[in-house]
Amino acid sequence: MIIGLLLATDRITEASAIISWPSVLAADQYVLRWRERGAPEWQEVTTALETLPLTGLAACTSYDYQLLINCSDNRMASSATLSFNTLGCGICREADYCN
């Protein structure tokens with residue numbers, strides 16, 4: 001089941017980003033997964049927290065990410081797949097006025 005969570009990407013740098021989401025009452029744990037756009041394999045981290053830093057990312061790269069929620073009644077839900085770009089591409093690819 002896909003649910004409409006408001007995931008946020010914050011403090012994006014050339015090598016890191018912070019992903020956060022609101023608490024889900026029935027959640028036992030969250031699984032945040034991410035990958036370079038187009039890569040076949042996801043990297044995953046299981047957590048009970050609502051904020052997770054991603055480190056070791058490549059500069060000037062597009063990443064997809066998704067949150068999976070394991071609920072206390074043994075059901076699972078997921079967010080839509082979202083994306084962000086790490087910095088390091090140069091000012092005219094990163095500044096709002098260049099879009």
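Leaving aside neighbours within four places in sequence, which residues is F84 in contact with? I looked this up in the model, which is predicted, not experimental.

**F84.** Setting those sequence neighbours aside, I find F84 in contact with T9, I12, A17, I19, L54, L57, T61, S62, Y63 and Y65.

**The core.** Next I went to the largest nonpolar core, which has 18 residues. F84 turns up here too, in the group that touches the most other members, along with I19, W21, L32, L54 and L67. I noted β6 as the one that gives the most, with five residues.

**Cysteines.** I counted disulfides and got one. The disulfide joins C60 to C89, with S to S at 2.0 Å. I read 110 degrees about the S-S bond, so I logged the C60 and C89 link as right-handed. Where do the two ends sit? C60 is in the loop between β5 and β6, and C89 is in the loop between β8 (82-85) and α1 (91-94). The two cysteines are 29 residues apart, and I wrote the pair down as linking distant parts of the chain.

**Buried or exposed?** C60 comes out at 31%, so I have C60 as partly exposed. C89 has a relative accessible area of 25% and is partly exposed. C71 is at 16%, and because buried means under 20%, C71 goes down as buried.

Conventions:
Residues are numbered from 1 along each chain as its sequence is written. This is a predicted model: local features need pLDDT of at least 70, side-chain atom pairs count only at pLDDT 80 or more; totals for chains, interfaces and linings use all residues. Side-chain values use heavy atoms; hydrogens and water are left out. A nonpolar core is a set of buried Ala, Val, Leu, Ile, Met, Phe, Trp, Tyr and Cys residues joined through side-chain atoms within 4.5 Å. Buried means under 20% relative accessible area, exposed over 50%, partly exposed in between (1.4 Å probe, protein chains only). Helices (H or I, at least four residues) and strands (E, at least two) are DSSP runs, numbered from the N terminus. Contact means heavy atoms within 4.5 Å. A disulfide is a pair of cysteine sulfur atoms within 2.5 Å.
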